[in-house]
Amino acid sequence: MNQSHIRNFCIVAHIDHGKSTLADRMLEMTDTLTSDQMQHQVLDDMDLERERGITIKAHAVRMAYRGANGEEYEFNLIDTPGHVDFTYEVSRSLAACEGAVLLVDATQGVEAQTVSNLLLALSDDLVIIPCVNKIDVASADVSGTKQQIVDLIGDGADEIFDISAKEGSGVQELLEAIVERIPPPGGAVEEGVRALIFDSLYDQYRGVICFLRVVDGSISKGQKIRFHSTDRVYEVEEIGILRLARVPTDTLLTGEVGYLIAGVKELSEARVGDTVIDADNPTANPLPGYRPFQPMVFSGLYPINPDEHQDLRDALERLRLNDAAFSYEPETSPALGFGFRCGFLGLLHMEIVQERLEREYRVDLITTLPNVRYEVLTKSGEVREVESPALLPPVVEIDEIREPILEAQILVPSEYIGSCMRVAEDRRGTYLNTEYLDSSRAALHYELPLAEVVVDFYDKLKSVSRGFASFDYEHKEMRAGPLVRLDILINSDLLDALAVIIHRDKSQEWGKRLCGKLKELIPRQMFEVIIQAAIGTKVIARETVRPFRKNVIAKCYGGDVSRKRKLLERQKEGKKRMKQFGSVEIPQEAFLAALKIDD
Amino acid sequence: MKSLGLYAHFPFCPCRCPYCGFTVVTGKDDLHERYATALCNELEAIARLAPAEGLASVFFGGGTPTRLEPRLLERILTTVRASQGIAVGAEITVEANPGTTDAARYADLRQIGFNRISIGAQSFFDQGLRLLGRDHTAADALGAFRASRKAGFDNVNLDLIFSIPGATDEDWRRTLDVVVDLRPEHISTYALTLEEGTSFQRRARSGDLPVVCEDDDARQYIGGLERLTAAGYEHYEISNFALPGRRSRHNWAYWTGGEYLGVGVSAHRYVDGRRSWNTKDLPDYLAQVEAGSSPTEGGERLDPAAATSERVWLGLRTCEGVKLGRVEREGLAAKRRMTDLVRGGFVQLEGDRMKLTGKGIPVADAVSVEIVTVIEDLARDAQRGPDPPVP
Ligand SMILES: Nc1nc2c(ncn2[C@@H]2O[C@H](COP(=O)(O)OP(=O)(O)OP(=O)(O)O)[C@@H](O)[C@H]2O)c(=O)[nH]1
Ligand SMILES: C[S@@+](CC[C@H](N)C(=O)[O-])C[C@H]1O[C@@H](n2cnc3c(N)ncnc32)[C@H](O)[C@@H]1O
Ligand code: SF4
Ligand SMILES: [Mg+2]
């Protein structure tokens, strides 16, 4: 394809504003898919994406579009996720594009990830095509939403499209605008190759598959290439373009988006953000890469059944091949045995990894309460990173504990400002300022400890604002504070997996509520269970789960025997989903009790 | 040859009690004759499996067997004699319901050959019977007991239900007082169970029926147990009490791995290590048997591990506990879960038998699950070596 007829763009928006649905319409109108292939949010092809109705991974797809001028264009579209946990997927997609379609749901207006994704796109110098979506909905406020976009983009907003991604209205005009407004890719065909790896995945048959955008030159099958950062050389086994499936071709030209298979064995060899160059030109300048992403929350993952430790390791290894954003390393816990400490981008990411492990790899898991990464300055002047409360050094050795502080922005209609401020203050927020976006919407700026945000902060905001508040954040700094470790003891034994690092002022309340929640979640059993919360040696809360008083079915005659066996089987299965701790059995949910403390 | 019992099921009842989960039909009394014939056909169709001296026990249960005219019951019992044989001195029980059985009927039953009768008294307290939705009064229950004595039954069981929603500890005590005075040879005390698909269960779910809490249930159970043992009854199974020598031989077989035949709709049998059961659907049952085919609907044979587990949890329900082999004993004794149970005072090892203690009895199921879990661990260890050490 002639370079001037290529358009590379992505669709960005706040979660649920209709990105994947718009992609459906574009695929339809360009006849990329047959009607048999069509289904809702067709690019969301992972089971979890389909079940949850959200996009988790960015998806690239190529379309052929015949413009109003009768000429054919090659469109490379990347559909991106909207959830804040997956912002890094957006930022790497942007680097492969010249333009971005920015969708705003007219029933919701501008929300926090609208702003943050727009800023990302602008900082990459992308052309923005703003669209108001869901205009078919009766409650849509099209003109109000437009005004918000104008306020946001300012002069840059020359034309805003009114579309319904669901019904297709306005999409034709949008396709035309993509041709007209988004520039074709630059880059020089005659140069040596430079291509950006913007994503990669592991396929058990083909090894690593890299998704790339050719910036200069071209790549062909059989060519010898080099990965800039690892300096390793490979031969291109297969190269091609992305439809719903991969379609092999002979060559990818300057400006094109496609995939590459080159006998790369491990994902770590094909780092996302790396540049592919000619094998015989090792001095070529690399393209600007990405800021490496950092796990934000950490949690211990343990198999319920100790025999499954090796299975869990295998599963993590395989999962990590397809999800470079999560990290893990071995960890042992006196209470839970052998397991792994894992790092995630956020709670949704953690939930998804956990669900995939249980579902795709069939390992029953205990997940410990997520926590953030702390820095501990010891009396000896050494700074230690602590990703697990259990690893906090003894109090006497600690000079100070520092925690990650975020700079957060909460976008909210004016009438909910008060309630959102109360939520932020309750989470140890430090108020910075309020910025009015227009007469009815404000952006509240706060400094917030990450630890206070990881557990249900967003849900809280949503619930006090009838769903209207949205939230975005950036890491600011590590800051010292009066933090303590709160331990949980079960029948006087320390259950390390339930320990938390918490602000001193909140510890009393937390201990009481956590003990209360555990009492609800730990079922009656043969023996009494005493639950205590303690800071150091001082017990601050205590609850008791009384033992069974009666547990026996009354009748057991001929016809009852099979039935009773099934009943016992079920009780036994229930036990298997619990962790044996001394003579106490603790259900899986109890380890995440603190997440449900308000239920 | 092992001894063998026979259970025959009679699904007919005048009306369905709101807590009853048995296979029961109402308003189908026109089918009595056909049903009796079908039972006889089924009895004749099964091979003679009883040892030479005949069946050791026969139990006509229900439903309400006494809904059938005595001549029909007699015909069936005669067919049992002819097809399997009944041993001299065998226990031959029939269940009777105080609401539907007049005095004369007891004499007939005795005369036909039943030597043990089980009366569904449930409560000797009118309010309790009303709460249960029974169609008889305490006076009827008393009358039934006296009639059975008069008819010459010297082996009588009374079924009682406690933990009736809305009834008090005091109500239960009064029922026990009456029963102890009557001094039947055998007493069954059942905690009211909310059976699947019953109107009690639906009402409890919708909050329309107060649910008796675990502590109240435990108190009434233990109260009954203490009262009856003090009165000279042997507590020989979770829900069963007997004067010396009067345990139900038929039911004992259920808990100790004994074999039994089962005929009639929904009946279960356990023969040659295999359990099987008949269809629960009366028209289906009749149609199958009348067409000369087997009414058996399903069956199972337990693998050795499951069989061991079953032997253990069934045995633990009885006062004699379960006999363990030396390997089992030593294996169990080495497991922390097991020693916790022994140290916690739930089970005791007496020679080669393992039994529940007074503390273990009310929580027998929970103890059984523990022990069965340990037994399965042992089986697993045997296959692939012991657990790795815990860090
Ligand atoms: N009525 C109406 N509904 C729409 C429209 N566009 C999208 N939706 C609905 O909005 C919901 C979210 O749509 P998606 O396309 O999954 O949104 P998304 O932006 O891809 O969401 P994430 O990938 O999770 O960020 C779905 O239920 C769509 O059917 C529209 O134009 N009109
Ligand atoms: C096979 S039943 C039927 C006996 C007879 N039809 C009657 O109801 O009198 C034997 C006994 O089981 C007991 N029973 C029935 N349903 C029960 C339930 N839901 N919970 C506890 N015991 C029950 C009653 O004590 C009943 O007498
Ligand atoms: S009389 Fe007995 S078998 Fe019949 S419905 Fe009532 S409890 Fe059930
Ligand atoms: Mg999507």
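How do the residues of the shell around ligand 2 divide into nonpolar, polar and charged? They comprise 6 nonpolar, 7 polar and 5 charged residues; here Ala, Val, Leu, Ile, Met, Phe, Trp, Tyr, Cys and Pro count as nonpolar, Asp, Glu, Lys and Arg as charged, and the others, Gly among them, as polar.

Colleagues, this is a predicted model, in which local features need pLDDT of at least 70 and side-chain atom pairs count only at pLDDT 80 or more, while totals for chains, interfaces and linings use all residues. Residues are numbered from 1 along each chain as its sequence is written, chains are lettered from A and ligands numbered from 1 in the order in which they are written, and side-chain values use heavy atoms, with hydrogens and water left out.

Ligand 2 lies between chains A and B. It is surrounded by 18 residues (a heavy atom within 4 Å), the closest being Lys555(A), Gly63(B), Gln122(B), Arg134(B) and Asp159(B).

I turn to the polar contacts, that is, pairs of N or O atoms within 3.5 Å; within protein, one must be able to donate a hydrogen and the other to accept it, and residues adjacent in sequence count only if both atoms are side-chain atoms. From chain A, a polar side-chain atom of Lys555(A) lies 2.7 Å from an oxygen atom of ligand 2. From chain B, a side-chain N or O atom of Gln122(B) is 2.6 Å from a ligand 2 oxygen, and a backbone N or O atom of Tyr19(B) is 3.0 Å from a nitrogen atom of ligand 2. Of the 560 Å² of accessible area that ligand 2 has on its own, the protein covers 94% (Shrake-Rupley method, 1.4 Å probe).
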